[in-house]
Amino acid sequence: MIRSLFLFDMTFWLYLAALLLYVGYVLAKRPGMQLAAAGHPAGLPEDSGWAAQIGQVATIVTVFGWVVNTLALLARAYERMQVSGTFAPWSNQFEAMAYVSWAIILGYVLLEMRYRIKAIGAFVVGIGFLAMGAASLLPYRYQTAEPLVPALNSYWIYIHVSITLTSYAAFAMAGGLGVMYLMKERAERRGSRLRVLASFPDLETIDELGYKAIMVGFPLLAFGIILGAMWANYAWGGYWSWDPKETWSLIVWLIYGAYIHARMTRDWEGHRAAIYAVFGFLMVIFCFWGVNFLLSGLHAYA
Amino acid sequence: MNGERPTVADPGPTPKSTPGLGWNELSAEVVELFASIKLAMFLFIVLAMTATIGTVIQQGERPETYIKEYGEEAYRWFLRLGVTDVYHTWWFTSLLGLLCVNSLTCFYKRFPAIWRSMHQDKVNVALPFIKGMKQTVAIPVAGPKDRVAEGIVQLLAEKGYRVLAKNEATEATIYATKGIMGRVGAHMAHLSATVIVLGGLIGSYYGFQEFGVCLEGQTYHIPKGQFDLRVDKFWIDYHENGSVKSYNSTLTVIDHGSPVTTKTITVNDPLVYKGIWFYQSSYGDAWDRVDLARVNIKEKGTDKVVGTIDLPWQKEVSLDNLGLKLSLTDFVADFGFDSTAKKVYSKTVEHANPAVKLAITEQPSAKAASVQTTPWIFYQYPDLFEIQGSKYRFELVGYQAKKFTGLQITKDPGVNIVWIGSTMIVVGITLSSFIYHRRLWAKVIPGESGVTVHLGGNTHKSQLDFQKEFRKLTERIQTLKT
């Protein structure tokens with residue numbers, strides 16, 4: 001028990017450090033002589049000397065934090081194996097949060113590797129950090145690896161829970177990008193000369209990446225819900241019982257379904273899409289946390 | 001999936017008819033409305049909003065519960081709007097039905113075009129069409145027209161595009177497309193809504209869900225399955241720390257008098273026989289029988305305990321030293337007496353006022369005659385009755401209740417259809433999320449020195465990736481070796 005909790009703690013501090021470094025990176029970044037000409041990809045703005053280094057350290061710390069997060073989950077899996085013979089390291093609220101932040105950070109690292117835009121880290125790593133932080137604020141009794149209640153003791157927990165949580169991570173990323181979009185847009189509209197903006201990608205890119213994150217989350221959530229239905233068919237004697245948790249995940253899915261259809265029409269790009277992504281993420285948070293603590297139902301295991 | 005589709009490439013077969021209010025116009029309007037994205041968005045949002053009701057207001061409770069919590073006036077409104085069972089109200093079901101109509105109409109209206117473009121695409125486009133596209137570029141390339149066109153065709157084919165080309169004297173036109181499966185996937189997802197709802201309907205009309213309280217060693221007839229079920233055993237496994245590991249019932253199916261199959265079911269592992277599923281759903285203490293009851297025997301005179309005995313269920317036990325024969329004949333968990341039928345029964349299933357019925361035979365002794373009696377002995381009121389003529393007083397000090405296992409018995413013939421629909425929705429959404437449909441047109445027009453390649457393209461989503469790809473293609477065409 002001590003081992004994994006120690007690693008989870010370490011993950012928390014590393015993510016905090018990574019977040020601060022990304023914020024530092026954004027602050028250190030100065031606009032170059034001329035921003036990239038329209039349509040040209042590699043026009044990295046020059047900076048005042050420190051930004052590149054800070055950015056590099058930020059990435060390294062993030063990756064290291066993610067590795068520690070992975071180790072923490074593995075250690076927890078081992079501990080679970082000792083206690084109850086199942087290993088899924090996402091079997092209670094705490095572990096689920098730790099797993100979500102793992103998935104968010106993984107997603108972010110992949111995004112950075114592919115698109116080389118570090119400023120997003122200030123938002124997305126921020127959410128990963130908050131998830132980890134919220135997990136460690138849970139009372140100790142929620143953090144330990146207690147044996148599973150019989151209803152959870154099934155191989156479905158490996159796949160249903162992990163897929164659903166991964167979709168939450170994708171929506172978290174979209175939410176973070178939405179906030180970033182709105183901040184940048186606001187600053188631009190005010191004609192702000194804030195140099196913070198220098199490191200931000202252009203609005204269209206933020207918008208598109210946010211849309212992509214939702215396009216990853218949407219099928220994953222559908223799959224997660226359906227796996228949940230299959231599990232319910234084995235455990236509860238019916239694939240759908242309108243339990244608050246399943247209803248709320250359907251609600252979240254419907255909300256993003258509306259978003260995806262809205263994107264087909266032109267006027268739902270940019271500003272509205274960003275607000276909607278933030279709203280959707282708030283609904284995800286409610287589905288993930290609110291339902292467990294506020295509403296009763298078959299999912300109230302924690 | 002709406003229309004960024006270029007109309008030039010896919011000209012409608014008939015010119016627009018003059019506006020009127022004929023049948024055709026009306027039906028076209030109706031199709032337009034029911035296939036619209038606006039309706040889809042509206043339904044998604046309204047369904048999401050109304051679905052929250054059932055998670056805030058408890059569903060299917062007794063009237064008193066609602067009246068106590070919300071008041072009588074509110075409850076009347078609840079009934080009117082059906083919010084105590086919101087997911088089965090006519091209006092919620094209609095919304096689901098409308099969603100099916102919406103997605104089916106969308107399929108009907110848009111899928112044929114996709115189908116056609118999978119099989120027969122037209123190369124013909126005019127130059128202004130290419131120039132008017134979201135991504136468009138004019139690239140001067142050195143080399144003869146035919147060779148350049150050939151090079152572009154090869155390049156696009158390498159990139160996985162399906163390429164069509166048309167070579168004319170003055171120009172060469174190339175059309176390339178990729179990722180149509182993304183659109184097919186979207187329509188697969190559209191169809192899945194109806195399939196899932198259909199599966200649900202079949203389940204609710206032809207399926208059933210029942211609950212059975214079963215005792216070990218008993219055989220129960222399952223009328224809807226035409227067979228019997230014997231409950232062999234029920235037990236609970238525990239973890240080392242004392243928490244429950246699993247609830248287990250061993251069940252045997254008896255069909256036409258002979259045992260067919262035996263299975264130990266647990267919470268996540270039901271028994272399935274002839275389409276009927278038996279789930280381990282709950283357990284509890286039986287209210288009408290016990291395994292054992294412990295009785296203290298006190299001597300009336302001295303009030304001393306002269307014997308303690310564990311009585312098994314309905315078996316006579318002799319206590320020769322006390323001259324007693326005892327037998328535990330009945331048990332109720334919550335004692336009640338029906339004065340008209342003169343019968344004892346258990347008022348609830350709770351062990352609120354447990355009592356056992358003993359059959360006592362007391363041998364005649366020097367002081368008293370033989371006594372035969374069948375008193376009820378109460379756990380909570382040990383001194384309630386005195387047995388006339390007996391030397392002894394009997395106290396019920398404890399009992400080991402017989403456990404029952406709660407089985408849920410379910411049949412749902414629609415479930416496999418639901419799984420088909422589920423597969424369709426997951427595969428469909430995945431395809432449409434990760435594969436995007438792109439189309440490119442190129443015209444190679446000979447100029448004074450070399451040729452000019454007009455390249456244009458569009459996609460219905462993933463603009464960023466497409467931009468990148470378009471840029472790379474442009475670079476490759478610029479450096480085309482002919």
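Strand β10 (residues 276-299) of chain B and strand β11 (residues 305-312) of chain B are antiparallel and share seven bridges; strands are taken to pair if DSSP finds at least two bridges between them. Secondary-structure elements are DSSP runs numbered from the N terminus, with helices (H or I) of at least four residues and strands (E) of at least two. Five residues separate β10(B) from β11(B) in their hairpin, where D303(B) adopts a positive phi near 60°.

β10(B) also pairs in the antiparallel sense with strand β19 (residues 392-411) of chain B, over 18 bridges. In this pairing, E299(B) lies opposite Y392(B) of β19(B). A further antiparallel partner of β10(B) is strand β9 (residues 271-273) of chain B, joined to β10(B) by three bridges. Here Y273(B) faces I276(B) of β10(B). The hairpin of β9(B) and β10(B) has two residues between the strands, and K274(B) in the turn has a positive phi of about 50°.

Among the helices, α2 (residues 37-56) and α5 (residues 90-119) of chain B have axes that come within 10 Å and cross at roughly 155°. Axes are lines fitted to C-alpha atoms, for helices over the stretch in contact, with angles between N-to-C directions running from 0 to 180 degrees. Because angles over 145 degrees count as roughly antiparallel, α2(B) and α5(B) are assigned to that class. Their crossing is left-handed, a term applied when the near helix is turned anticlockwise from the far one by less than a right angle. Contact (heavy atoms within 4.5 Å) involves residues including L39(B), L43(B) and L47(B) of α2(B) and W91(B), F92(B) and N102(B) of α5(B). The residues of this contact comprise 13 nonpolar, two polar and no charged; Ala, Val, Leu, Ile, Met, Phe, Trp, Tyr, Cys and Pro count as nonpolar, Asp, Glu, Lys and Arg as charged, and the others, Gly among them, as polar.

Over all chains, the structure holds 28 salt bridges, each defined as a side-chain nitrogen of Lys or Arg within 4 Å of a carboxyl oxygen of Asp or Glu. One of them links R476(B) and E158(B), at 3.7 Å from N to O. Since R476(B) belongs to helix α10 (residues 463-478) of chain B and E158(B) to helix α7 (residues 145-158) of chain B, the pair ties together parts that are 318 residues apart in sequence.

Residues are numbered from 1 along each chain as its sequence is written, chains are lettered from A and ligands numbered from 1 in the order in which they are written, and side-chain values use heavy atoms, with hydrogens and water left out. As the model is predicted, local features need pLDDT of at least 70 and side-chain atom pairs count only at pLDDT 80 or more, whereas totals for chains, interfaces and linings use all residues.

Conventions:
Parallel < 35°, antiparallel > 145°, perpendicular 65-115°, else oblique.
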